[in-house]
Amino acid sequence: MTATCSTTAAAVGTVPAAPDDAATAASDTRSNAPSDAPSGIPPAAPVAERDRHFMRLAQAAADDARAAGEVPVGAVLVRGDDVIATGFNHPIGAHDPSAHAEMAALRAGAAALGNYRLPGCELYVTLEPCLMCAGAIMHARIARVVFGAHDPKTGACGSVVDAFANPQLNHHATVVGGVLADECGAALRAFFAERRRAGQLARAAGAAAAAAHAAPDDSSNDSPAG
């Protein structure tokens, strides 16, 4: 059984797309393009084809975010070999700061299974979870987290902090990072490059319009020939 969070579905169909303003996207908590894994994180273990398969599904969900004008991050909730739910990043269109891809997938999965606890489930996400999402993952009792690109600004799986390694917390998910990292990171970088280009074009058009408006209208000074 596959479910999609209602807010996520709305972001594709009826929630307005984010405005064409690079500054708006840059204010989103996922506004920074990822970089390579920080030096303190050990190299990733060999990636299984199963992980690649589900990460590709998460990438497809990220494409839905891009289509809605949102930062392209997608997530897939899996139990065994079954996809329970998908979600994508849509905080701008939903006017919801918590509407990250992981949160959408967790909400949809909990609704589909009728339980806010999701033991035995795995969460695949194209970008390293932030601290908010890490907390929700722990509360949901997710068994395993697999992410694509590292997030050097807000990553909570080792890039900035490692929430899952804190021994004082009562639940610890297994974390695997770097699955299809190049592809996931390239999608994010392409998105922000396009937003920057759009912003530059908009500013250039605005400057041209302002200059045209400020220029004197010489034709108004012409008098009829006498």
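Predicted model: local features only at pLDDT ≥ 70, side-chain atom pairs only at ≥ 80, totals over all residues.

Student: What share of the contacts join residues at least 24 apart in sequence?

Tutor: Among contacts between residues at least 6 apart in sequence, the share is 65%.

Student: Now threonine 126. Where is it placed?

Tutor: Threonine 126 lies in strand β4, which covers residues 121-127.

Student: Is threonine 126 buried or exposed?

Tutor: Threonine 126 is buried, because its relative accessible area is 4%, and the cut-off for buried is under 20%.

Student: Which residues is threonine 126 in contact with, aside from its neighbours within four places in sequence?

Tutor: The contacts of threonine 126 include Met55, Ala58, Gln59 and Ala62. Also among them are Pro72, Val73 and Gly74, together with Gly148, Ala149 and Cys184.

Student: Let us change topic to helices α5 and α6. How do their axes cross?

Tutor: The axes of α5 (residues 101-113) and α6 (residues 131-139) come within 9 Å and cross at roughly 20°. Therefore α5 is roughly parallel to α6, since angles under 35 degrees count as such.

Student: What is the handedness of the crossing, and which residues meet there?

Tutor: The crossing of α5 past α6 is left-handed. On the α5 side, Glu102, Met103 and Leu106 meet Met132, Cys133, Ala136 and Ile137 of α6.

Student: Which residues does histidine 171 touch?

Tutor: Not counting residues up to four places away in sequence, histidine 171 touches Ile137, Met138, Arg141 and Ile142. Ile137 is also one of the α6 residues that meet α5.

Student: Where is histidine 171 itself?

Tutor: Histidine 171 is in the loop between β5 (144-149) and β6 (174-176).

Student: Why does histidine 171 count as buried?

Tutor: Histidine 171 counts as buried because its relative accessibility is 14%, and the cut-off is under 20%.

Student: What lies 2.9 Å from a polar atom of the side chain of histidine 171?

Tutor: That is the backbone oxygen of isoleucine 142. Isoleucine 142 is also one of the residues that histidine 171 touches.

Terms used. Residues numbered from 1 in each chain as written. Heavy atoms only, no water. Helix = DSSP H or I, 4+ residues; strand = E, 2+ residues; numbered from the N terminus. Buried < 20%, exposed > 50% of the residue type's maximum accessible area, 1.4 Å probe, protein only. Polar contact = N/O pair within 3.5 Å; in protein donor to acceptor, adjacent residues only side chain to side chain. Contact = heavy atoms within 4.5 Å. Axes fitted to C-alpha atoms, helices over the stretch in contact; angles between N-to-C directions. Parallel < 35°, antiparallel > 145°, perpendicular 65-115°, else oblique. Left-handed = near helix turned anticlockwise from the far one by under 90°.
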